[in-house]
Each structure stands twice: as C-alpha cells, then as structure tokens.
Amino acid sequence: MATGRTHRPATRSRGIPEATVARLPLYLRALTALSERSVPTVSSEELAAAAGVNSAKLRKDFSYLGSYGTRGVGYDVEYLVYQISRELGLTQDWPVAIVGIGNLGAALANYGGFASRGFRVAALIDADPAMAGTPVAGIPVQHTDDLDRIISDNGVSIGVITTPPGAAQQVCDRLVAAGVTSILNFAPTVLSVPDGVDVRKVDLSIELQILAFHEQRKAGEEASADGGASDAEAEQAPPVRATPTTRKGPDGDMPAVMPA
Ligand SMILES: NC(=O)c1ccc[n+]([C@@H]2O[C@H](COP(=O)([O-])OP(=O)(O)OC[C@H]3O[C@@H](n4cnc5c(N)ncnc54)[C@H](O)[C@@H]3O)[C@@H](O)[C@H]2O)c1
C-alpha cells in the first residue's frame, strides 16, 4: 500500500501560493458569469464581491498572474477568463475516471457541469460484475479487473473515488499504480498516497455538521436575547458557545472540497 504525505507545500513551483490557487476557481466562476452577460470589464471591487473575496486579496492574487488591470477601467473579463483557465490547466481536456458507480458515482457521471469546465468523464468503473456493460449517463460501466488498462487507454490522470469507505484506499492504490496522479475522494476516509499524488476530499456531512454548530449557536444567542432559558431548561440544554467563532477559508467560507 502506498504511504506518505497527503499535502503539497504551501507554495507551488511557479510561485503561486496554494491559497491563491484555491481562490482562482471562485474568480473564474464569477468571471464566467460576467462573460456570459457580455460584460467587457470589471473592477476589482465588483469582482471581489461577486467571488465573495476581499478586494485587496483579489488584487494580490492577480498580481501573481501578472494581471494588474487598468486604472479607471478595471480588468478585461475575457482576458482574465483565459489567464485563469490557463493557470488552472483548464485550456486542455482532462479525462476523468469515476470508480464506484452507485448513487453518488452515477449522479456525478450524470452531472453536465464537468464537461463545460474541461473535465470529460472518460470511464466509469465498478467492482460489481452485474454492472459491467450497463450504460450510466451514456457511458458503459467497466469492471475493476480492467482498471489498469482503462486508465492507460484513456490517459486518465484524475480519478474520482465514490466507493464505500472500506474500499477507498485499495481503489486509490490501484489508481495510483495505474498512473493516476490526482484523486478526488468522496469516501469518508483519509487516503495515503505517495509523493507526487494530490488528493482532495469532499465531505458534505462535515459541512452540514459545521452548519449545525452555527445553527446551535444562533439558537443560543436568540435564547439569551429573549432573556435566557429557565433554570430547568438550562439544566437540560447542551452547552452553547457564546463566543463568536469565525471559520474562514480562502473565499471566506470553508470550501466543501478540502485537501486530504
Ligand atoms: N462526500 C460526500 O459528501 C458524500 C455524500 C454521499 C456519499 N458519500 C460517500 O460516497 C460513497 C458512495 O456512496 P453511495 O451512496 O453512492 O454508495 P453506493 O453503495 O450506492 O455505491 C457504491 C458503489 O461502489 C461499488 N464498489 C464497492 N467496492 C468497490 C471497489 N473495490 N471498486 C470499485 N467499486 C466498488 C459498489 O459496487 C457500488 O456500486 C460512500 O463512501 C459514501 O459514504 C460521500
């Protein structure tokens, strides 16, 4: 089994900090929306608001791309879309393989948003022999026995794991051995990968737990504003933290996709 690190250093080889890289997709999403409305230029303040980022941070981020905008005019929307897409490697097509075609894997395979962002679902792989050959989103599911060949035939470098957690490490090891160097892991388990392999994990239940924490805190604040709970209620109620807590990610919120 592969062991080792799961993180890259905070700055990538081209000198763009990881935190900036993590914000680039947010800028791109906001810029794409502007481009679709044929908006030619945008100020750093407008774009920062649309991306949910602080405008000074945005200007600093864009300076890493060598993009400074024009005073009084702002940034050229189309050119920034191109620059950020190029920086993120989206000007080329990325074939992606999804392993574990159950509820989630099938939903991802059916999601049309990947293709428009440069990610082509090239292969669907599952361990269930009964699924082999069954089309999902128009793509026939292939059996894990052929995983190596499927990865190499399709030139896949990005693998998506949507298997049960108990199978995820083994699937990850097989993907890596077959040449996959980036993994998006939806299974609720921590994966070990060798140097040179990037893992990102998505866990919506963690996001929901964080929201539950904030809901609980808001309820506590409302209760204190109403004059506080009665003694009997206070004894039964779980403790609620009164101190405001901030939870900041690169865009101001913790992203649903996290480094492994
Ligand atoms: N990250 C999130 O927010 C999120 C949300 C929902 C589910 N999940 C996780 O996603 C995973 C899939 O959930 P689901 O509801 O689609 O499960 P599911 O049971 O519907 O599908 C799992 C699929 O994986 C296949 N499989 C099992 N072992 C395999 C192996 N070794 N190689 C290849 N395929 C294998 C099964 O045949 C099945 O088709 C689970 O780990 C679940 O916890 C994560």
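In strand β9, the bridge partner of Leu-184 is Arg-200. Strand β8, residues 182-185, and β9 run parallel and are joined by four bridges, where two strands are said to pair if DSSP finds at least two bridges between them. The model is a predicted one, in which local features need pLDDT of at least 70 and side-chain atom pairs count only at pLDDT 80 or more, whereas totals for chains, interfaces and linings use all residues. Residues are numbered from 1 along each chain as its sequence is written.

Strand β9 itself covers residues 198-202, with Val-199 and Lys-201 on a covered face and Asp-198, Arg-200 and Val-202 on an uncovered one. In a regular strand the side chains alternate between the two faces of the sheet.

Of the 260 residues in the chain, 26% are buried; a residue is called buried if 20 or more other C-beta atoms, placed from the backbone, lie within 10 Å of its own, exposed if 12 or fewer do so, and partly exposed in between. Among the contacts with a separation of 6 or more, 61% are made by residues 24 or more positions apart, a contact being a pair of residues whose C-beta atoms, placed from the backbone, lie within 7 Å. The domain assignment of the chain gives domain 1, residues 18-87, and domain 2, residues 94-202, with bounds that come from an automatic or database domain assignment. The centres of the two domains, taken over C-alpha atoms, are separated by 31 Å.

The ligand is surrounded by 24 residues, of which Gly-100, Gly-102, Leu-104, Ala-167 and Leu-204 are the closest; a residue is counted as near a molecule if its C-beta atom, placed from the backbone, lies within 6 Å of it. Helices α5 (103-110) and α8 (165-178) each supply at least two residues of this shell, and the largest share, four residues, comes from α8. By class, the shell has 13 nonpolar, eight polar and three charged residues, where Ala, Val, Leu, Ile, Met, Phe, Trp, Tyr, Cys and Pro count as nonpolar, Asp, Glu, Lys and Arg as charged, and the others, Gly among them, as polar.

Helix α9 comprises the 22 residues 204-225, which at 1.5 Å a residue should span 32 Å, and its end C-alpha atoms are 31 Å apart, in agreement with that value; the expected span is 1.5 Å times one less than the number of residues. The number of buried residues in α9 is zero, so the helix lies largely in the open.

Ser-38, although not a glycine, has a positive phi of about 55° and lies in the loop between α1 (18-36) and β1 (41-42). Ser-38 is exposed, with 8 other C-beta atoms within 10 Å. Ala-137, also not a glycine, has a positive phi of about 55° and is found in the loop between β5 (135-136) and β6 (139-143), where it is partly exposed, with 15 other C-beta atoms within 10 Å.

Val-21 lies in helix α1 and counts as partly exposed, with 18 C-beta neighbours inside 10 Å. The C-alpha atoms of Val-21 and Ser-224, 203 residues apart along the chain, are separated by 41 Å.

Definitions and conventions. Contact = placed C-beta atoms within 7 Å.
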